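Subject: Two-chain model, handover and findings

Hi,

Here is the structure I promised to pass on. Please open it alongside these notes.

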Amino acid sequence: MEKFKEVSTVAAYIDRKNIDTDAIIPKQYLKAVTRDGFGDNLFDDWRYLEPGNLGDNHSLRKKNPEFFLNNSKFKGAKILVAGDNFGCGSSREHAVWALMDFGFRVVISSSFADIFYNNCFKNGLLPIKLEQENYIKIIGDIKNKNNILTINLNNQTISSKDIFIKFDIDDRRKEVLVNGIDDISETLKLKNKIIEYENKQSNKTPWVFNEK
Amino acid sequence: MKKTLYDKLWDEHHIHTYENGYSLIYIDKHLIHEVTSPQAFEGLKHAGRDIWNKNSIMAVPDHNVPTIQRDDGIKDPISKLQVDALNKNCKNNDLLKFDLDDVRQGIVHVVGPEQGILLPGMTVVCGDSHTSTHGALAALAFGIGTSEVEHVLATQCLLQKKSLNMNIKVDGEMSKYFYSKDLALVIISQIGTAGGTGYAIEYTGSAIKNLSMESRMTLCNMTIEAGATTGLVAVDDTTIEYVQNRPYAPKEQNLAEAKKFWKNLISDHGVHYDKTINIDISKSSPMITWGTSPEMAVNVDGKLPDLEDEKFSDKRQDLINAFNYMGLKEKQNVNSIELDKIFIGSCTNSRIEDLRIVADIVKNKKIAKNIKSAIIVPGSGLVKEEAEKEGLDKIFMKSGFEWRSPGCSMCLGMNDDKLSEYERCASTSNRNFEGRQGRLGRTHLVSPATAAAAAIHGHFVDVRDI
């Protein structure tokens with residue numbers, strides 16, 4: 001996984017709570033068997049005025065001019081700001097892949113759904129959960145001023161020419177992003193402990209380990 | 001120290017605690033379907049890693065499969081590619097899989113318990129958020145993303161931070177025509193779709209005790225709609241009765257040992273939960289969702305919300321958005337909502353008990369003229385077989401329902417079963433998000449009984465009145 005580097009761009013803001021993963025990437029695109037190419041279909045139902053399908057040439061589809069991602073002032077944004085309970089619903093990791101493929105590296109919200117939050121760290125996307133007070137501060141900063149935000153994960157700060165906010169993240173999650181850690185390799189360091197556990201349990205609860 | 005059921009399941013599978021507070025926990029069973037697994041197998045291959053425990057895996061295609069004309073195979077070439085990828089990955093790795101032509105094929109969350117592959121006390125994961133279903137068996141079961149699917153394939157473990165414990169205690173007698181689906185909607189509308197975030201929920205109380213196993217599965221299934229990835233019910237006689245004669249369940253000496261082990265899968269008396277919610281269900285009415293989030297639910301004999309009541313609420317705009325999307329108005333009577341389609345199925349409500357309830361209501365009645373299509377999609381080939389043995393299929397077809405082959409179908413509309421723009425559906429599934437059943441489609445989540453009654457009347461009715 002790529003290491004997380006400092007991000008400094010405008011922030012795209014959508015004033016909506018409970019954005020679910022069906023909205024982030026609709027079902028017809030889940031038929032793909034790869035992890036990339038989902039960016040064109042991020043928020044597909046909201047972003048385009050016409051229906052689309054996997055394999056279509058999406059640049060030919062009519063865009064919804066009122067949708068925030070089609071607003072030129074958010075062009076090049078690597079930071080997404082959205083309301084409460086972002087990423088609720090389906091476990092589809094395609095939602096994270098779509099956000100990343102579109103170019104986002106950071107999502108800021110007042111809260112995230114558990115599975116989505118977890119999926120972010122497997123792909124190098126930084127979800128920042130802010131207390132309501134700080135969340136409102138951020139909205140104020142980007143909504144009217146369209147300020148450039150700088151996200152520094154090492155120092156755990158969000159800053160612009162007008163604001164400076166510290167955010168919380170647990171140490172392990174931070175380390176994973178900063179160093180681009182591969183979880184599987186880490187886990188396999190404990191290979192012997194896993195085997196030891198299996199040996200113990202297959203005596204205690206043999207039915208769990210039955211051959212199919 | 002006293003422990004909750006969740007604590008016990010956690011401790012039993014705990015392998016290691018890291019200094020940073022994370023734990024490595026062992027995963028007993030891994031369910032796999034075609035949509036969230038191909039990238040995980042690809043990643044494994046790319047890294048040159050093997051599957052840790054092939055015996056832990058059960059695979060079944062369900063999301064992307066046709067529910068009609070099965071003999072012709074999958075016509076959509078893109079869907080076919082994905083199901084072929086599952087076939088190839090299972091074949092190459094010698095994994096247990098139930099093919100489309102196998103009577104045991106069906107929705108992954110129906111098949112797992114039905115086969116006795118999932119048992120009390122196990123840890124169960126699947127690249128699917130409705131894995132919470134299996135908490136009904138007192139298994140620690142939760143949905144994961146594709147990277148974690150790969151992690152489990154490679155290591156049989158997951159890195160986890162322990163959740164907090166929430167007790168949802170439900171007491172009172174459930175009235176006739178009020179089902180666990182209605183109960184799930186009562187809970188979600190009360191605590192909200194993020195109410196359970198960070199918690200493992202255990203359902204306790206006399207009303208839960210009285211639920212059948214299948215009804216418990218419906219309730220635990222929709223725990224994710226309340227924001228919690230895990231929903232649990234403690235083991236009792238109902239649990240053991242359900243699991244003990246299943247094809248993959250332990251036999252003879254093993255069964256005796258297992259039963260002893262399972263009986264301890266209950267929370268200790270007087271244990272402390274981080275949060276407790278008490279619900280008295282005795283006066284509750286059947287529920288429907290009217291909006292675009294499962295928490296937007298009201299009584300079927302009631303009215304849609306009044307915006308005046310939400311004047312100063314930060315939810316007001318969400319309600320307006322939902323009214324607009326759904327083509328509904330504030331204060332509208334629920335029974336004035338007319339429907340175009342009826343969907344009975346999904347991992348929430350496609351088991352035999354659900355189908356019996358529907359048959360009971362539609363027997364000798366015809367679906368209303370304004371209903372363009374009403375489909376019943378059984379949860380598995382075995383559910384289908386049983387329903388046909390009981391003659392339910394004939395009742396359905398005589399009433400005007402289509403009787404389909406098993407799969408996820410219109411719950412998420414990955415196959416051909418979906419809503420067209422602005423079509424309105426009474427659906428026994430679990431999500432009413434915008435576009436969930438088809439772009440611009442409008443979904444109302446209800447119990448099988450309420451969906452059946454709506455099919456006959458063409459609009460929502462209080463099923464207790466018919």
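Below are the conventions, then the findings.

This is a predicted model: local features need pLDDT of at least 70, side-chain atom pairs count only at pLDDT 80 or more, and totals for chains, interfaces and linings use all residues. Residues are numbered from 1 along each chain as its sequence is written, chains are lettered from A and ligands numbered from 1 in the order in which they are written, and side-chain values use heavy atoms, with hydrogens and water left out.

**Chain A overall**

Chain A contains 8 helices and 7 strands. Both are DSSP runs, numbered from the N terminus: helices are H or I with at least four residues, strands are E with at least two. The C-alpha trace of chain A spans about 65 × 40 × 25 Å along its principal axes. Of the 212 residues in chain A, 59% are buried. Buried means under 20% relative accessible area, exposed means over 50%, and partly exposed lies in between (1.4 Å probe, protein chains only). The accessible surface of chain A is about 9,300 Å², and carbon and sulfur atoms hold 44% of that. Areas come from the Shrake-Rupley method with a 1.4 Å probe; for residues, only the protein chains shown count as cover. Take contacts (heavy atoms within 4.5 Å) between residues of chain A at least 6 apart in sequence: 63% join residues at least 24 apart.

**The A/B interface**

On chain A, 64 residues are in contact with 77 residues of chain B. The size of an interface is often given as the accessible area lost when the parts come together. Here the buried area is about 5,900 Å², with 54% from carbon and sulfur atoms. That area is the accessible area (1.4 Å probe) that two parts lose on being put together, summed over both.

Between the chains there are 11 salt bridges. A salt bridge is a side-chain nitrogen of Lys or Arg within 4 Å of a carboxyl oxygen of Asp or Glu. One joins A:Asp182 to B:Arg49, at 2.9 Å from N to O. There are also 43 residue pairs in polar contact between chain A and chain B, both residues at pLDDT 80 or more. A polar contact is a pair of N or O atoms within 3.5 Å; within protein, one must be able to donate a hydrogen and the other to accept it, and residues adjacent in sequence count only if both atoms are side-chain atoms.

Several helices of chain A each supply at least two residues to the side that touches chain B, including α2 (44-47), α3 (94-102) and α4 (114-121). Helix α8(A) gives the most, with 8 residues. By class, this side of chain A has 22 nonpolar, 15 polar and 27 charged residues. Ala, Val, Leu, Ile, Met, Phe, Trp, Tyr, Cys and Pro count as nonpolar; Asp, Glu, Lys and Arg as charged; the others, Gly among them, as polar.

**Salt bridges over all chains**

The structure holds 44 salt bridges over all chains. In one, B:Arg431 pairs with B:Glu225, and the closest N and O atoms are 2.7 Å apart. The pair links distant parts of the chain, 206 residues apart. B:Arg431 is buried at 1% relative accessible area. B:Glu225 is buried too, at 3%.

B:Lys389 and B:Glu386 form another, at 3.4 Å from N to O. They are separated by about one helical turn, because they sit 3 residues apart in helix α13 (residues 381-389) of chain B. B:Lys389 is exposed at 69% relative accessibility, while B:Glu386 is partly exposed at 24%.

B:Arg404 and B:Glu402 meet at 2.8 Å, N to O, in a salt bridge. B:Arg404 is buried at 8%; B:Glu402 is partly exposed at 33%. Shared partners also join A:Lys122, A:Arg172, A:Asp183 and B:Glu148 into one salt-bridge network.

**Local spots**

Helix α1 (residues 5-13) of chain B is largely enclosed by the rest of the structure, because 8 of its 9 residues are buried. B:Trp10 is one of them.

A:Asn152 lies in strand β5 (residues 148-152) of chain A and is buried at 15%. Its side chain reaches the backbone nitrogen of A:Asn154 at 3.0 Å.

Best wishes
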